[in-house]
Amino acid sequence: MTNLICIVCPKGCHLSVDEADGYKVTGQGCPRGEEYGKKELQSPTRVITSTVRITGGIHNRLPVKTSRDIPKGMIRDAMKLLDAVELTAPVHVGDVVVPDICGTGVSWVASRDM
C-alpha cells in the first residue's frame, strides 16, 4: 500500500494505492484522483519548467515548459537539451524551442512573449 497526496487539483486528497489489488485507489474525491494514483505508481510523468538564454529581450532568460508531461525518468535528459539553447528575440508564447524531446513527441515551448 502506497500513500500519496493528489496534485491534480488544489484539494489535495490523501490517496492510498494498493498495488497488490490491481492498483486500487481509495481516498480520492473525484475520478481524476483515481487516475492520478494509478498513473503515479505505474508510469509517473511531469510537466517540466525551466529557462533558456535569450538575447535582445527585456530579460536574459526566457521561461520554457514542456508542451505536455514526459516520463519522470527522462527529466535529466530533457533538461540537458536546454544547455545549448540560445534564442534571439522576438519569441512568442507557444513557439517551439526544442522539438521532440528524447523521442517523446513532446516539445520545449516558450511560456511568455519576449
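View 1. A pocket here is an open set of points on a 1 Å grid over the protein atoms alone, where a 1.4 Å probe fits and protein lies on both sides within 12 Å along at least five of seven lines; lining residues have an atom within 4 Å of a point. This is a predicted model, so local features need pLDDT of at least 70 and side-chain atom pairs count only at pLDDT 80 or more, while totals for chains, interfaces and linings use all residues. Residues are numbered from 1 along each chain as its sequence is written, and side-chain values use heavy atoms, with hydrogens and water left out. The largest pocket holds about 230 Å³ of space, a volume being the space filled by probe spheres set on the points, which are joined across faces, edges and corners. Of its 13 lining residues, Val8, Tyr36, Lys39, Thr45 and Asp69 sit nearest the centre. Helix α1 gives the largest share of the lining, five residues; α1 (31-42) and β4 (45-46) each bring in at least two. (Helices, H or I of at least four residues, and strands, E of at least two, are DSSP runs numbered from the N terminus.) Sorted by class, the lining has five nonpolar, two polar and six charged residues. Nonpolar covers Ala, Val, Leu, Ile, Met, Phe, Trp, Tyr, Cys and Pro, charged covers Asp, Glu, Lys and Arg, and polar takes the others, Gly among them.

View 2. A salt bridge needs a side-chain nitrogen of Lys or Arg within 4 Å of a carboxyl oxygen of Asp or Glu, and the count comes to four. In one of them, glutamate 34 pairs with lysine 38, with 3.5 Å between the closest N and O atoms. These two are four residues apart in helix α1, so about one helical turn separates them. Glutamate 34 is partly exposed at 32% relative accessible area, and lysine 38 is partly exposed at 29%; buried means under 20%, exposed over 50%, and partly exposed in between (1.4 Å probe, protein chains only). Another salt bridge joins glutamate 40 to arginine 46, at 2.8 Å from N to O. Here glutamate 40 is buried, at 13%, whereas arginine 46 counts as partly exposed at 22%.

**View 3. Strand β5 and its partners.** Two strands pair if DSSP finds at least two bridges between them. β5 runs antiparallel to β6 (residues 61-66) over five bridges, and serine 50 faces valine 64 in β6. The β5-β6 hairpin has five residues between the strands, and in it glycine 56 takes a positive phi near 80°. With β8, β5 pairs in the parallel sense over three bridges; threonine 55 is opposite threonine 88 there. Look too for the salt bridge between glutamate 86 and arginine 53, at 3.7 Å from N to O. Glutamate 86 belongs to β8 (residues 86-88) and arginine 53 to β5 (residues 49-55), so the pair ties together parts that are 33 residues apart in sequence. Glutamate 86 is partly exposed at 48%, as is arginine 53 at 33%.

**View 4. The open three-stranded sheet.** Its strands come in the order β1-β2-β3, with antiparallel pairing. β1 (2-5) and β3 (24-26) are the edge strands, each pairing on one side only. From one strand to the next, the twist averages 25°, taken from lines fitted to C-alpha atoms, with angles running from 0 to 180 degrees between N-to-C directions. Four bridges link β1 to β2 (residues 14-18), where threonine 2 stands across from valine 17.
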